[in-house]
Amino acid sequence: MNNMQIETIVVGPFEVNCYLIFDAVSKNGVIIDPGGDDYKIAEGIDRLGFTPRAILLTHGHGDHIAAVESLKGKFNLPLYVGQGEEPLLASPSANISSFFGFEITCPPADFSVGDSQVVDIAGLKFTVFATPGHSPGSVCYFIGNSLFCGDVLFNGSIGRTDLPGGNYQQLIDSIDKYILSLPDDIICYPGHGPITTVGSERKNNPFLAGRRFV
Ligand SMILES: [Zn+2]
(Lines give C-alpha, C1' and ligand atoms only; values in the text may rest on other atoms or scores of the structure.)
Protein backbone atom coordinates (compact mmCIF):
# COMPACT_ATOMS: atom_id res chain seq x y z
CA MET A 1 0.00 0.00 0.00
CA ASN A 2 1.69 3.13 -1.22
CA ASN A 3 -0.30 5.48 0.91
CA MET A 4 0.06 3.62 4.17
CA GLN A 5 1.70 5.46 7.02
CA ILE A 6 2.83 4.02 10.33
CA GLU A 7 3.46 5.87 13.57
CA THR A 8 4.79 4.32 16.76
CA ILE A 9 3.62 5.58 20.15
CA VAL A 10 5.44 4.01 23.10
CA VAL A 11 2.99 3.56 25.97
CA GLY A 12 2.75 2.38 29.55
CA PRO A 13 5.25 1.19 32.13
CA PHE A 14 6.26 -1.78 29.97
CA GLU A 15 6.99 0.50 26.99
CA VAL A 16 4.66 -1.20 24.55
CA ASN A 17 4.75 -0.09 20.95
CA CYS A 18 1.27 1.06 20.02
CA TYR A 19 1.06 1.42 16.24
CA LEU A 20 -1.13 3.85 14.36
CA ILE A 21 -1.57 2.75 10.75
CA PHE A 22 -3.52 4.79 8.29
CA ASP A 23 -4.07 5.53 4.64
CA ALA A 24 -2.81 9.05 3.94
CA VAL A 25 -5.38 9.51 1.17
CA SER A 26 -8.56 8.05 2.68
CA LYS A 27 -7.51 9.11 6.21
CA ASN A 28 -8.86 5.86 7.62
CA GLY A 29 -6.72 3.92 10.05
CA VAL A 30 -6.38 1.42 12.87
CA ILE A 31 -4.81 1.26 16.31
CA ILE A 32 -2.73 -1.81 17.13
CA ASP A 33 -2.13 -2.63 20.81
CA PRO A 34 -3.24 0.45 22.75
CA GLY A 35 -1.40 -0.67 25.86
CA GLY A 36 -1.79 2.46 27.98
CA ASP A 37 -1.45 6.26 27.97
CA ASP A 38 -4.70 6.76 26.06
CA TYR A 39 -4.10 10.52 25.92
CA LYS A 40 -0.82 10.02 24.03
CA ILE A 41 -2.54 7.78 21.49
CA ALA A 42 -5.45 10.20 21.07
CA GLU A 43 -2.96 13.06 20.64
CA GLY A 44 -1.16 11.07 17.94
CA ILE A 45 -4.40 10.42 16.09
CA ASP A 46 -5.26 14.09 16.27
CA ARG A 47 -1.81 15.20 15.12
CA LEU A 48 -1.78 12.74 12.19
CA GLY A 49 -5.31 13.71 11.21
CA PHE A 50 -6.82 10.32 10.47
CA THR A 51 -10.01 8.59 11.59
CA PRO A 52 -9.49 5.37 13.55
CA ARG A 53 -11.83 2.58 12.41
CA ALA A 54 -10.78 -0.37 14.59
CA ILE A 55 -8.51 -1.62 17.35
CA LEU A 56 -6.46 -4.72 16.55
CA LEU A 57 -4.75 -6.66 19.33
CA THR A 58 -1.74 -8.89 18.73
CA HIS A 59 -2.55 -10.58 22.04
CA GLY A 60 -4.37 -10.00 25.29
CA HIS A 61 -1.66 -9.35 27.86
CA GLY A 62 -2.40 -6.44 30.18
CA ASP A 63 0.40 -4.25 28.87
CA HIS A 64 -1.13 -4.37 25.36
CA ILE A 65 -4.77 -3.67 26.28
CA ALA A 66 -4.83 -1.06 29.06
CA ALA A 67 -6.11 1.79 26.86
CA VAL A 68 -8.62 -0.29 24.87
CA GLU A 69 -11.63 0.62 26.95
CA SER A 70 -11.13 4.36 26.81
CA LEU A 71 -10.22 4.53 23.09
CA LYS A 72 -12.94 2.07 22.10
CA GLY A 73 -15.43 4.30 23.90
CA LYS A 74 -14.03 7.60 22.68
CA PHE A 75 -13.94 6.63 19.00
CA ASN A 76 -16.64 3.91 19.04
CA LEU A 77 -14.32 1.26 17.59
CA PRO A 78 -14.74 -2.48 17.05
CA LEU A 79 -12.12 -4.62 18.79
CA TYR A 80 -10.33 -7.54 17.09
CA VAL A 81 -8.35 -10.26 18.84
CA GLY A 82 -6.99 -13.68 17.88
CA GLN A 83 -9.09 -16.79 18.44
CA GLY A 84 -8.29 -18.35 21.80
CA GLU A 85 -7.18 -15.05 23.31
CA GLU A 86 -10.65 -13.80 24.32
CA PRO A 87 -10.52 -15.08 27.94
CA LEU A 88 -7.47 -12.93 28.67
CA LEU A 89 -9.31 -9.67 28.12
CA ALA A 90 -11.56 -9.92 31.16
CA SER A 91 -9.17 -11.60 33.57
CA PRO A 92 -6.20 -9.88 35.25
CA SER A 93 -4.77 -13.26 36.18
CA ALA A 94 -5.14 -14.69 32.66
CA ASN A 95 -3.72 -11.54 31.09
CA ILE A 96 -0.84 -11.56 33.58
CA SER A 97 -1.44 -8.00 34.79
CA SER A 98 -2.11 -9.22 38.34
CA PHE A 99 1.24 -11.01 38.18
CA PHE A 100 2.86 -7.56 37.84
CA GLY A 101 0.66 -5.88 40.46
CA PHE A 102 -1.98 -4.37 38.14
CA GLU A 103 -5.65 -5.22 37.64
CA ILE A 104 -6.14 -4.57 33.94
CA THR A 105 -9.11 -5.67 31.88
CA CYS A 106 -10.77 -4.49 28.68
CA PRO A 107 -14.17 -4.96 27.02
CA PRO A 108 -14.85 -8.18 25.13
CA ALA A 109 -13.75 -8.41 21.51
CA ASP A 110 -16.28 -7.70 18.79
CA PHE A 111 -14.45 -10.05 16.43
CA SER A 112 -12.05 -12.91 16.98
CA VAL A 113 -9.81 -13.65 14.01
CA GLY A 114 -8.27 -16.90 12.83
CA ASP A 115 -5.34 -17.98 10.75
CA SER A 116 -5.19 -16.67 7.16
CA GLN A 117 -8.23 -14.50 7.69
CA VAL A 118 -8.13 -11.14 5.93
CA VAL A 119 -9.38 -8.28 8.07
CA ASP A 120 -10.49 -5.38 5.90
CA ILE A 121 -10.69 -2.15 7.86
CA ALA A 122 -11.93 0.59 5.53
CA GLY A 123 -9.68 -0.69 2.73
CA LEU A 124 -6.67 -1.55 4.90
CA LYS A 125 -6.39 -5.30 4.40
CA PHE A 126 -4.51 -7.18 7.11
CA THR A 127 -3.78 -10.90 6.76
CA VAL A 128 -3.84 -12.69 10.10
CA PHE A 129 -1.21 -15.26 11.06
CA ALA A 130 -2.04 -17.40 14.08
CA THR A 131 1.26 -17.47 15.96
CA PRO A 132 0.80 -19.05 19.42
CA GLY A 133 3.65 -19.54 21.86
CA HIS A 134 3.99 -16.26 23.74
CA SER A 135 0.28 -16.52 24.50
CA PRO A 136 -2.29 -19.03 23.21
CA GLY A 137 -4.10 -16.72 20.78
CA SER A 138 -1.23 -14.47 19.68
CA VAL A 139 -1.56 -13.28 16.10
CA CYS A 140 0.53 -11.24 13.67
CA TYR A 141 -1.02 -8.81 11.19
CA PHE A 142 0.56 -8.61 7.75
CA ILE A 143 -0.07 -5.72 5.35
CA GLY A 144 2.02 -4.48 2.42
CA ASN A 145 5.63 -5.05 3.41
CA SER A 146 4.90 -4.71 7.13
CA LEU A 147 4.36 -7.35 9.78
CA PHE A 148 2.97 -6.36 13.17
CA CYS A 149 4.24 -9.21 15.25
CA GLY A 150 3.41 -8.32 18.86
CA ASP A 151 5.53 -10.21 21.37
CA VAL A 152 6.25 -13.14 19.04
CA LEU A 153 9.52 -11.76 17.69
CA PHE A 154 11.73 -8.86 18.77
CA ASN A 155 14.80 -7.23 17.29
CA GLY A 156 17.43 -9.80 18.31
CA SER A 157 15.14 -11.77 20.59
CA ILE A 158 11.87 -13.65 20.89
CA GLY A 159 8.84 -13.38 23.18
CA ARG A 160 8.93 -14.90 26.62
CA THR A 161 7.32 -18.27 27.05
CA ASP A 162 7.57 -18.66 30.81
CA LEU A 163 4.25 -16.96 31.53
CA PRO A 164 0.98 -18.93 31.83
CA GLY A 165 -0.16 -20.06 28.38
CA GLY A 166 3.34 -19.74 26.94
CA ASN A 167 5.05 -22.56 25.05
CA TYR A 168 8.60 -22.31 23.72
CA GLN A 169 8.35 -24.94 20.99
CA GLN A 170 5.07 -23.46 19.78
CA LEU A 171 6.66 -20.02 19.58
CA ILE A 172 9.67 -21.24 17.60
CA ASP A 173 7.37 -23.17 15.27
CA SER A 174 5.20 -20.07 14.77
CA ILE A 175 8.21 -17.93 13.88
CA ASP A 176 9.59 -20.60 11.59
CA LYS A 177 6.32 -21.15 9.75
CA TYR A 178 5.05 -17.60 9.43
CA ILE A 179 7.93 -15.16 9.76
CA LEU A 180 11.02 -16.88 8.41
CA SER A 181 9.00 -17.89 5.35
CA LEU A 182 8.62 -14.21 4.42
CA PRO A 183 11.10 -12.32 2.20
CA ASP A 184 14.10 -10.64 3.84
CA ASP A 185 12.88 -7.11 3.21
CA ILE A 186 9.66 -7.43 5.19
CA ILE A 187 9.71 -4.97 8.09
CA CYS A 188 8.79 -6.37 11.49
CA TYR A 189 7.08 -4.08 13.99
CA PRO A 190 7.37 -5.75 17.39
CA GLY A 191 5.41 -5.14 20.57
CA HIS A 192 8.46 -3.75 22.35
CA GLY A 193 11.74 -2.20 21.18
CA PRO A 194 13.05 -1.19 17.76
CA ILE A 195 11.74 -2.39 14.41
CA THR A 196 13.70 -4.93 12.40
CA THR A 197 13.44 -6.96 9.19
CA VAL A 198 12.90 -10.62 8.49
CA GLY A 199 16.35 -10.74 6.84
CA SER A 200 18.09 -9.21 9.82
CA GLU A 201 16.44 -11.64 12.24
CA ARG A 202 17.11 -14.60 9.97
CA LYS A 203 20.78 -13.63 9.97
CA ASN A 204 21.38 -12.27 13.46
CA ASN A 205 18.74 -13.51 15.91
CA PRO A 206 20.50 -15.99 18.22
CA PHE A 207 17.22 -17.76 19.02
CA LEU A 208 16.66 -18.58 15.36
CA ALA A 209 20.10 -19.93 14.46
CA GLY A 210 19.83 -22.82 12.03
CA ARG A 211 16.23 -22.10 11.15
CA ARG A 212 14.69 -21.96 7.72
CA PHE A 213 16.28 -20.05 4.85
CA VAL A 214 14.13 -19.02 1.92
ZN1 LIG B 1 2.85 -10.18 25.98
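Author: Helices, of at least four residues, and strands, of at least two, are DSSP runs numbered from the N terminus. In this predicted model, the protein chain has 6 helices and 14 strands.

Reader: Why is Cys140 counted as buried?

Author: A residue is buried if 20 or more other C-beta atoms lie within 10 Å of its own, and Cys140 has 27 such neighbours inside 10 Å, so it counts as buried. Cys140 is found in strand E9, residues 139-143, and, leaving aside residues up to four places away in sequence, it touches Thr58, Phe129, Thr131, Leu147, Phe148, Cys149, Gly150, Val152 and Tyr178.

Reader: How do you know that the buried residues of H3 line one face of the helix?

Author: The buried residues of H3, which runs over residues 68-75, are Val68, Leu71 and Lys72. Seen down the axis of H3, these buried residues fall within an arc of 100°, and therefore they line one face of the helix. What covers them includes strand E3 (28-32), helix H1 (38-48), strand E4 (51-56), helix H2 (62-65) and strand E5 (79-82). H3 is followed by Asn76, whose phi is positive, near 55°.

Reader: What makes E10 and E13 a pair of strands?

Author: Two strands pair if DSSP finds at least two bridges between them; strand E10 (residues 146-150) and strand E13 (residues 187-190) have 4 bridges, in the parallel sense, and so count as a pair. One example is Leu147, whose bridge partner in E13 is Cys188.

Reader: Why are E7 and E14 said to stand at the edges of their sheet?

Author: The sheet is an open one of 6 strands with mixed pairing, in the order E7-E8-E9-E10-E13-E14. Strand E7 (118-121) and strand E14 (196-197) each have a single partner strand, so one side of each is left without a neighbour in the sheet, and they stand at its edges.

Notes
Residues are numbered from 1 along each chain as its sequence is written. This is a predicted model: local features need pLDDT of at least 70, side-chain atom pairs count only at pLDDT 80 or more; totals for chains, interfaces and linings use all residues. A residue is buried if 20 or more other C-beta atoms lie within 10 Å of its own, exposed if 12 or fewer, and partly exposed in between; C-beta atoms are placed from the backbone. The arc is that of the directions from the helix axis to the C-beta atoms. Two residues are in contact if their C-beta atoms, placed from the backbone, lie within 7 Å.
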